[in-house]
Each structure stands twice: as structure tokens, then as C-alpha cells.
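Work through the exercises below with the coordinates open. Each task is followed by a solution in steps.

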Amino acid sequence: MARIVLDNLVKRYGDDEAVRGVTLAIENGEFTVLVGPSGCGKTTTLRMIAGLEEVTSGNIRFDNESVENLPPKARDVAMVFQSYALYPHMSARKNMAFSLRMKGVSRAEQERLVQSAAELLNITALLDRKPRELSGGQRQRVAMGRAIVRNPRAFLFDEPLSNLDAALRAQMRIEIKKIHQKLQATIVYVTHDQVEAMTLADKIVVMRDGRFEQVGDPVEVYQHPTNKFVAGFIGSPRMNFIPARLVAENGALSAELRDGTVLPVPRGRWPAYRPYADQAVEIGLRPDHLTDRQETNAPSCHFLDATIDVIEPTGATSLITFSIDGIEFAAIADSGVPRRPGDRIRLRADMSHMHLIDLASEKVIAPDCSTA
Amino acid sequence: MRLSQSSTGLLLIAPAVALLLCLTLYPVMHGIWLSFHAKHSFFPGQTFIGLANYGFLLGDPDFWSSLWRGVIYSVSTIILQIVLGVAAALVLNEMFPARNLVRGIVLFPYMIPTVVAVILWKWLLNNQFGLVNYGLVAFGITDENISWMGRSYIMVSLILISVWQFFPFVVLAVLARLQTIPHELYEAAKVDGAGAVRRFLHVTLPQLMSVLFVVILLRSIWMFTKFDTVWLITQGGGAEKYIRTLPVYAYLRTFHFYEAGTGAAIAVVMFAILVASTTVYFYLFRRDERL
């Protein structure tokens, strides 16, 4: 397995710059997920690592060896495609053995490696079937098997779960994670699904418009997004962004919403937020921290009364949508309490989890200390 | 009166079935019936002679030489059409400037009427003032003009003209298939370590098999029964005997010797050969077509 370094990588199609000078180190055995909306350049970056896309400028290194000018076969990487890209005329066994055959591995060794990968993926019984005789999930496994048999320097996954239904996707996520834990392989994984990114990654790379917006471990990116885009993209349901004005009164800071509601800013954040006093800002607050649940009763909580527009039950909790002064909010409410649209609800805004966003730069202002 | 669903269905397909019976089954059956008779091509009346026409063909050296020439003509033109057609389709599937224009130009020969194509080639191949001979001599490939329509080269000329005229059909069919092969298969093969040749052998060719199966079948039938191109080339030269294939021989027997029965027997033999070879072809090569 290899350590992969992307150094100021650029990809241009004519005047269109798809990837704009990205730099990243992917450690040996690390599971790195590139996540972002459609067209953000994540697949292009992956394809450049694979050698399927020429690099306009910049450098790709595998263990300090520059590979950006090498053809895909010389890079020794395995790729799992969104469409699986299984050879339709070959059985699962032949699909998995194809790369070994290209390398001139002996038949006995091919068979041994295919069997071993098939056992890992529970597809031994499917080896003689053609791709069209397999379900989506089974094809996915064969595609992964084709990658695993090679023992490559890195695995590249291009949205491999997007063609599966929700239940199968969740199951395959676990399988992929297990395989990674077992093989300790360097994996670069592309997805637009932030849940997939959060659950799988050791390192998450959030991309937008060909740039890396934030790189870090999933919990860090979730808890401490560096800008509004990352804050909104990572986390489901999406973070609420509340236009407000930061008001300083007697040394204390609070956020005044457009309708006059005042949400006190936790004391620990005053030093960091003070430069924004008397300025228009945005407050970021995840729906998990805007809730009617009793356990959220910290001193930093502030009550907020709202009229329910929409209720989406998700099981133990429901997603509540309401609006204040024309701005839509999402909150999490206990499903145990019977409610209907139009009902009033008293929510607790846990301001210890607030994020302050500078309107001009859209940057999240670091609170300096972790507690409120 | 209300008809049942099945009666309505039968009634609706009846015109098509009637048409098929009149235009296909009747001529075939009539041809077979005719082959058992001695019959002048234009005068009424015939005499039943059993298998005598077939017996005659068995001992007729012209029949055997025509059959042999027909096989040479069909097999060589099909092989060359497939090789040239697949190669051209592969090139035309790549991106290059003016690709659509070139695609259109490649299809020209197939759209030109046969009579025009043959006259054109006869001029090009003329042994005194033909452009081909001029070029061959000018580039030093030959010392003297080749008699393309003479005994030694007329079959070569016929094959070249036929390949030129009909390979666009292969291009069309193969190009259509090539465009539907998912690009990811090639990328997967690249990542799996396959070079260009292996990608062709392991990705392109298997994907083309289903279309090549049909193309080879159709072209075989069409080339084995090809009459117009061969007939037009035989006109006006002295070497027509050397490209006489079975369809031409059947025509000669019927309309030059006025032996409609013998002509019909030749046609029936051709029909039987095609049925037999098609059956063997299906048996040997028919793969699962759901690739």
C-alpha cells in the first residue's frame, strides 16, 4: 500500500478549470473520502490519481515516486466504478482474474487469489455467473473483488454505492469498512453522500468548485467546519443558518434575530466573537441542537417558540420545519408527543454548539475555546 | 357480431400471412416444382422428369465450377468486408476533425447504384486508359498495364469492387454497436493493465460478437446470391466465364439456354446450400445474445 501525495494538482478542460491546485497527503492505509456536490471536481481528482485523466499541472506521488505521467497500468491502482464496469461476457471469476491474467500470473495463483477474495466478500457461490445474472449488490461485490485480488498500491472508489437502494447501501458501507479494517489498504473514495463520507472516512476532504474546502477527520469537520459551505454540506439534516446581529451589552454578547428574539452567546466565546459586535452575522445551529428533547437542558440553552409548518417523522424523533421572519428552520422533536402542522412548539436552542459565520468571507469564526 | 379476441388477432395478421405466402412461399414451392420438370422458359407446357435436372447438374462441369467460384467469391468478400469494415468502424469511432464528414464519405459506396459503381470501376480498371493502371505504373509497382478484366485478374477485380461497394454496411452496423459499448469498460481494462491490443481483444471484440454474428450471416446470404454486380462485370468483356457464379449460371440456363427447369434446379441447390450452411452456422456460433 502506498502513501499518496497530491501536490498543487490542476485540471483544465479548455478554459474551464475543474480542479484548481489541490494539495493533499493520504497516509498509507488511510481511508480518505472526497465529498462534495456534483461538478465539484472530486471524480476528476480521483481519475487523475488513477491515470484516466491527464494532469494539467501539479504532481502526484505514490511513496515519493512521481506517477502523474505514468499510464494507469503502471500505477498499480485498482478502481471500483459507479457502474461497476464488469466485463459483461466474462463470469465473475474471469472478471476478478482479468487483471492477474494481464499481469501474467499463473492460473493456479489466479484461482487462489480469486477464491480468497471471493471468500472475503461472500461471493464464492456466484463466481461462475455472468454479471447480468447478478443483482446490483452482488455486482458491487464482484467489482470490489476485482480490485481486491490485485493487492494494489491503492484502491480508488468512484461513487460505488450510488446505484444501490438505501438498505443495501447501508449494508455495503459496513462491508467496505470491514474490508478496509482487514486489509488496511490506502483507499481514496469519492461520494456526494455526506453520510457515506462521515461513516467511512478516516479523513474527509470536502470539495467545492475544484478546491478543497476542508480536510480533517469526520468528527472534526462536523464539529468545527471552517466555512459556511462545509457547515451546510456536512451533517444531515442540514445546519440552520440564522441571520442575526451580534449585540454587545454590558460586556455580554448576544445574537439578535430579525424578529427581535435574542439568543445569548456563551460566555467562553465572547473574546473570539467580540470583533463582530454590532455587526450583521449568521448563526449556524444544527437541528440536533434545536430541539424539544428534555435531555438538552444545559444552561446554555435558550427557549425559542415556533409554529410548526411540516413534520417529518423519522422514528424516535421527527424533523420539524418552521419559519421565523420568512427564514426556514429545521429542528428535531420527540416523536412521542402528538403534534400537527400549525401547533406551537417550544424548542431549546443549545447555543454551546452555535457557529458564528462572518457574512463577508462566509468563514466560521473559531470560538478559541471548546466550552461555552 | 363480436369476434373473440383470438379471431380478431388472426384476422389482423391474415393479410401479412397471405402476402408472405404469395410472395415467398409460393415462388419457393413453384421453383422446387419447376426443378422437377423439363420446361422451356417462354413456351407453355412442361414435362415431369423427376430428378433428371439434378442429375444433369451433378455431371455438369460448368455447375461445379460456378459453385466453386461462388464459394471463393463469397468467402473472400465476406472476410475482407469484415476486416475492412471493423477497422474502418474503429477508426471512425475515434474523435478527429471532420469525423462526421468522413463517416458520410465512407458510406458513399453503399449508396451508389450498382450499375454506376461497376461502370466507374470498369473505367478505373481499364487496361489501356484506367487510372489504377496509370497509378501502378507511375509509382513503379508494375512495369506494364494489368488486364484487370482479363482471365487472370477478373475475379480479383470482382472481389475488390464488391468489397468496396458493400463494406460500408459492416461499418454502419459495427459503428452503431461500438457507440453503445460503455466507456467505463475500457477504463476498467486500462486500470486492470490491458494495453490497446488487449482492450480490443477482451473488451471490443466480445462486445461486437452479437452484431458480427448477424452481419456475417446477412452478408453471406447476400454475397452468395449476388447477381447484379457479377452480371454487370461480365458484360462486354471476354473473361466472363472466370467469374460466373451460381446465380449467373442459373440466369444463363434459364434465359440463354431457355431451360427453366435446370435454372430452377440450380436455384433450389443454392437455397439448400444456404439453409444447410445457415443451420451449421447457428449451431456453431450462436451465443447468448444478451451480452
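**Exercise 1. Determine the handedness and orientation of the crossing of H4(A) and H5(A).**

Step 1. H4(A) passes H5(A) in a right-handed crossing. A crossing is right-handed if the near helix is turned clockwise from the far one by less than a right angle, and left-handed if anticlockwise. Helices (H or I, at least four residues) and strands (E, at least two) are DSSP runs, numbered from the N terminus.

Step 2. This is a predicted model, in which local features need pLDDT of at least 70, side-chain atom pairs count only at pLDDT 80 or more, and totals for chains, interfaces and linings use all residues. Residues are numbered from 1 along each chain as its sequence is written, and chains are lettered from A and ligands numbered from 1 in the order in which they are written.

Step 3. The axes of H4(A) and helix H5 (residues 136–148) of chain A are 9 Å apart, and the packing angle is about 135 degrees. Axes are lines fitted to C-alpha atoms, for helices over the stretch in contact, and angles run from 0 to 180 degrees between N-to-C directions.

Step 4. H4(A) is therefore oblique to H5(A). The classes are roughly parallel under 35 degrees, roughly antiparallel over 145, roughly perpendicular from 65 to 115, and oblique for the rest.

Step 5. On the H4(A) side the contact has A:Ala117, A:Ala118, A:Leu120 and A:Leu121, which meet A:Arg141, A:Met144, A:Gly145 and A:Ile148 in H5(A). Two residues are in contact if their C-beta atoms, placed from the backbone, lie within 7 Å.

Step 6. Sorted by class, the contact of H4(A) with H5(A) has six nonpolar, one polar and one charged residues. Ala, Val, Leu, Ile, Met, Phe, Trp, Tyr, Cys and Pro count as nonpolar, Asp, Glu, Lys and Arg as charged, and the others, Gly among them, as polar.

**Exercise 2. Describe how H3(A) and H4(A) pack.**

Step 1. Helix H3 (residues 92–103) of chain A packs on helix H4 (residues 107–121) of chain A at an angle of about 130 degrees, and their axes are 10 Å apart.

Step 2. H3(A) and H4(A) are therefore oblique to each other. Their crossing is right-handed.

Step 3. H3(A) contributes A:Arg93, A:Met96, A:Ala97, A:Leu100 and A:Arg101, while H4(A) contributes A:Gln110, A:Leu113, A:Val114 and A:Ala117. The contact of H3(A) with H4(A) divides into six nonpolar, one polar and two charged residues.

**Exercise 3. Which element gives the most to the side of chain A that touches chain B?**

Step 1. The contact takes 18 residues from chain A and 15 residues from chain B.

Step 2. Helix H2 (72–75), strand E6 (77–80) and H3 of chain A are the elements that give two or more residues to the chain A side. H3(A) gives the most, with four residues.

Step 3. The chain A side divides into 12 nonpolar, three polar and three charged residues.

**Exercise 4. State the domains of chain A and the contact between them.**

Step 1. Chain A is divided into domain 1 (4–233) and domain 2 (240–365); the bounds come from an automatic or database domain assignment.

Step 2. The C-alpha centres of the two domains lie 38 Å apart. Seven residues of domain 1 of chain A are in contact with seven residues of domain 2 of chain A. The domain 1 side has three nonpolar, three polar and one charged residues.

**Exercise 5. Is A:Ala333 buried or exposed?**

Step 1. A:Ala333 is in strand E18 (residues 327–334) of chain A.

Step 2. A:Ala333 is buried, because 21 other C-beta atoms lie within 10 Å. The cut-offs are 20 or more other C-beta atoms within 10 Å for buried, 12 or fewer for exposed, and in between for partly exposed, with C-beta atoms placed from the backbone.

Step 3. A:Ala333 and A:Ile345 are 12 residues apart in sequence and 9.1 Å apart in space, C-alpha to C-alpha.

**Exercise 6. Where does A:Asn151 lie, and what is its phi?**

Step 1. A:Asn151 is in the loop between H5 and strand E7 (154–158) of chain A.

Step 2. Phi of A:Asn151 is near 50 degrees, a positive value in a residue other than glycine. Most residues other than glycine have a negative phi.

Step 3. A:Asn151 counts as partly exposed, because it has 14 C-beta neighbours inside 10 Å.
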